[in-house]
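Q: Hey, I'm new to this one. Can you walk me through it?

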Amino acid sequence: MFGDYVLEKTSAAYDNKILLLDDEGLDAATGYSAAFAAQGFEVVRYKDDLSFRIEYEDKLKASGGKIVVMADSGSYIPYDVHRRLRGYAISMGKLFPKLNEDYLREHPELDMELLTQAYKENFDDLRERHKTEEFIKAKVYGRDNVLRYVHRLKEHILQLAADAKTYKDWFAISEEKAKIDVLSTQHHLRVVTAETNRAFRDWVLGNFGKLSTELSNSTPVLVSRAMEYMHSHSEKFVVIVMDGMSQFDWQIISRSFAGIPYEKTNIMAMIPSTTSVSRQCLLADKYPSQLMEPWKQSKEKAEFIACAKDMGFSDSQIGYERGYEATFGSFVRCGAVIINDVDDMVHAQQQGRLGMYNDIGVMADEGKLARMVKRFVAEGFDVYITADHGNTPCTGLGKLVGTGLEVETKSRRMLVLQDFANKAALLDKYGLIEYPKYYLKKDFDCLICEVGDSFDAKGEQVMTHGGISIDEVVVPFIKIKAGKHHG
């Protein structure tokens, strides 16, 4: 909605060459340029005159083609380039002239989608600071405005899910779904998004095995290519693995990252989405079938060190630690830090998503992750934050005892079987899904609970993981470059 609102404020409907002067970094915060891309514009980040001319001058002079150039007013843009572009200043003051500009700028955490929806229905002059503040509290974050927005988002993601064909489609859906879940939890709204999980399940069963062939410069796509990706994009890096952190959790944690410039993409956890499998795949740059011990975590550190050595790092250049106080010596160039807080909250949770919202909010307010990131960046590390898997609410089907292999996991969303005679009976009794063994050794059978089910006490409401819902599988992948941090 905000992107479309910015689009409306320009001549994009009838001009093909547009210059947006964004001095307040609104595109970095909201990604509104995606609305221009959706209308066929090539989005260009202006760096300097020479590089722009080399790459884009011919396109700028051509009668066809659509280009939107993103710059700031301090950039030197020659007159001959400038005159071919229709220019617009993008700022809070220009976009919301009836509100107090200073107040809006002082509150970068404002939800621009909710603000845009409420502002479109406002016809009063609210430029006095106290009037803007009251408008934000009563209207922007009022229950009616939030509920309308959430229902609109839900309709949107259901349509996206019906049309989704690629991992990129599901990355976008997962972010919007998480926003619905966060707002619904925060405002105590009964908005169910399980339909999206079911659509994602169907896509996974037919397509997850093809993801190993996908290549992207913006994300590793699968956790099993994370180390390779980080090594190719950074000479000195730390990966912080937030065990169990979902998109829902990151949307809350990210509130503590004000002043830390970062780029967010997404990544697919390995299936089954258990710590022993997915985190080892992440740190070892391997598929589950290649791991020494896929169902146990005892080899995790050894797998990481072996991976780093294969990439050319020496023993003194490799670091593996746990906890927010982790530090590395001056020689370390490839580090991993494991943080268990989120997963601990998941498995101890008594209040479902509301409990996670509250607990993650407290964690974010403490700011431990943000402080650790700042410390590593100050030491010259590029920092990557990701998760081995997410989490999802479930209802217990009943506990299973002594069935399948012993697996080091608190997850009760899956079973691993080997030469098990009664597999068909289990599938039928519990309505389980037989996972197609993508990336797994073929002598194991992996049975996964349906969306919203787990092997917990019958009727018990829990937060857990291990399955193939979008909540568990699509997780954040955050990049903070050392040279871009100025805090």
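**Cavities, a helix and some rings**

A: Helices here are DSSP runs of H or I with at least four residues, strands are runs of E with at least two, and both are numbered from the N terminus. This is a predicted model, where local features need pLDDT of at least 70, side-chain atom pairs count only at pLDDT 80 or more, and totals for chains, interfaces and linings use all residues. Residues are numbered from 1 along each chain as its sequence is written, and side-chain values use heavy atoms, with hydrogens and water left out.

Q: What counts as a cavity?
A: On a 1 Å grid over the protein atoms alone, a cavity is a set of points where a 1.4 Å probe fits but cannot get out, and lining residues have an atom within 4 Å of a point.

Q: How many cavities of 30 Å³ or more are there?
A: The search of the whole structure finds three. The largest cavity holds about 70 Å³ of space, a volume being the space filled by probe spheres set on the grid points, which are joined across faces, edges and corners.

Q: Which residues line the largest cavity?
A: Among them are Ser174, Lys177, Phe248, Arg353 and Asp471. α11 (167-186), α14 (247-253) and α21 (470-473) are the elements that give two or more residues to this lining.

Q: New topic: which residues of α19 are buried?
A: Leu369, Ala370, Met372, Val373, Phe376 and Val377 are the buried ones in α19 (residues 368-378). Buried means under 20% relative accessible area and exposed over 50%, with partly exposed in between (1.4 Å probe, protein chains only).

Q: Why do they line one face of the helix?
A: Seen down the axis of α19, the buried residues fall within an arc of 160°, so they line one face. That arc is taken from the directions from the helix axis to the C-beta atoms. On the other side of α19, Arg371 and Ala378 are exposed.

Q: And what about Phe376 and Phe381, buried or exposed?
A: Both Phe376 and Phe381 are buried. Their ring centres are 5.7 Å apart and the planes are at 80°, so the pair is edge-to-face. Rings of Phe, Tyr and Trp (its six-membered ring) pair if their centres lie within 6.5 Å; planes under 30 degrees apart are stacked, over 60 edge-to-face, the rest tilted.

Q: How many aromatic pairs does that rule give?
A: The count comes to 26.

Technical notes
1 Å grid on protein atoms, 1.4 Å probe; cavity = no way out; pocket = protein on both sides within 12 Å on 5 of 7 lines; lining within 4 Å.
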